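Student: I have a chain to look at and some terms to learn. Can we go through them one by one?

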Amino acid sequence: MSSVDKSGIYKLGDRSVHRLGYGAMQLAGKGVYGPPKDHDAAIAVLREAIAQGVNHIDTSDYYGPYVTNKLIREALSPYPDDLTIVTKIGARRGEDGSWLPAFTADELEQAVHDNLRNLGLEVMDVVNLRIMFGVHGPAEGSIEAQVTKLAELQRNGLVRHIGLSNVTRAQIAEGRKICEIVCVQNQYNLAHRNDDALIDELARDGIAYVPFFPLGGFSPLQSSTLSRVAERLGATPMQVALAWLLQRSPNILLIPGTSSVEHLRENLAAAELELSGDVLGELEGVAKAA
């Protein structure tokens, strides 16, 4: 049994995926803009992920832009039957690398077609609508028009399943009135735990929760407690942080990203770790200190 197998399985709509997957964001250039520093290394990471048993890849056409999807197609097409590719729409990149809303009906439809073309697919397994009302996190505002457009694209056969990203509880409820929502993708990690109650609510309804920045993102997790626990377990702090997420709730799906094969293997090995009740209690202090 591989490390990925040990992470368990959860449903994304009608797709079954290992709970430990891969996020492609770091395959683009610095600042998630432009081509990768090492094209061949990026291809190698994607192929190694599949070789290790990963069957859930998270991506977006605004990574690059148009970089990671083309790399995924080059490395992995024709795709394994069990591979689930999830993309995000709702944003675009400015010429200066800025992240800008792309939220009109026409922009959303174009984004779906762009993702299909660059990935070489006829239908997207899952499309997450990224909400761009707030700069630093979720912000209230109606998403009815945008979700309604995505539901139309779903009825037209371009999208199998719909998810939401960077959203509030009210927006999730609004979206679920329009169509089935199979996953929510918000920032969450050992130190950033605003969605604790939400995760439990989604678990009761069988909805996957996919934390972005599971290791802190652009500001990696740093904690003396985390480092101390990791040293005692013979693991890295990031492995412990990922193992904590896997044990936090069965509906959590992980998509840690990297541009290194060695780091990819290290991340996937986190599924081998089992954290005792004492260790879990000790790690609670990381959130309180954040």
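Tutor: A nonpolar core is a set of buried Ala, Val, Leu, Ile, Met, Phe, Trp, Tyr and Cys residues joined through side-chain atoms within 4.5 Å. Buried means under 20% relative accessible area, exposed over 50%, and partly exposed in between, with a 1.4 Å probe and protein chains only. The model is predicted: local features need pLDDT of at least 70 and side-chain atom pairs pLDDT 80 or more, while totals for chains, interfaces and linings use all residues. Residues are numbered from 1 along each chain as its sequence is written, and side-chain values use heavy atoms, without hydrogens and water.

Student: Which residues touch the most other members of the largest nonpolar core?

Tutor: The core has 81 residues, and those residues are Y22, L46, I72, L150, V240 and L283. Helix α9 (residues 237-248) gives the largest share, eight residues. Helices (H or I, at least four residues) and strands (E, at least two) are DSSP runs, numbered from the N terminus.

Student: What does L283 touch?

Tutor: Contact means heavy atoms within 4.5 Å. Leaving out residues up to four places away in sequence, L283 touches L190, L226, V229, V240, W244 and L275. A second, separate core has 11 residues, including V86 and L253.

Student: What makes β1 and β2 a pair?

Tutor: Two strands pair if DSSP finds at least two bridges between them. Four bridges join β1 (residues 9-12) to β2 (residues 15-18), so by the definition they pair; they run antiparallel. In this pair, I9 stands opposite H18. Two residues lie between the strands of the hairpin, where G13 has a positive phi near 65°.

Student: Why are β3 and β11 called edge strands?

Tutor: The open sheet has seven strands in the order β3-β4-β5-β8-β9-β10-β11, with parallel pairing. β3 (22-23) and β11 (208-209) each pair on one side only.

Student: How do you know that the length of α2 agrees with its number of residues?

Tutor: The expected span is 1.5 Å times one less than the number of residues. Helix α2 (residues 39-51) has 13 residues and should therefore span 18 Å; its end C-alpha atoms are 19 Å apart, which agrees.

Student: Which residues of α2 are buried, and what do they pack against?

Tutor: A42, I43, V45, L46, E48 and A49 are buried. They pack against β3, β4, α3 (68-76) and α10 (261-268). After α2 comes G53, with a positive phi near 105°.
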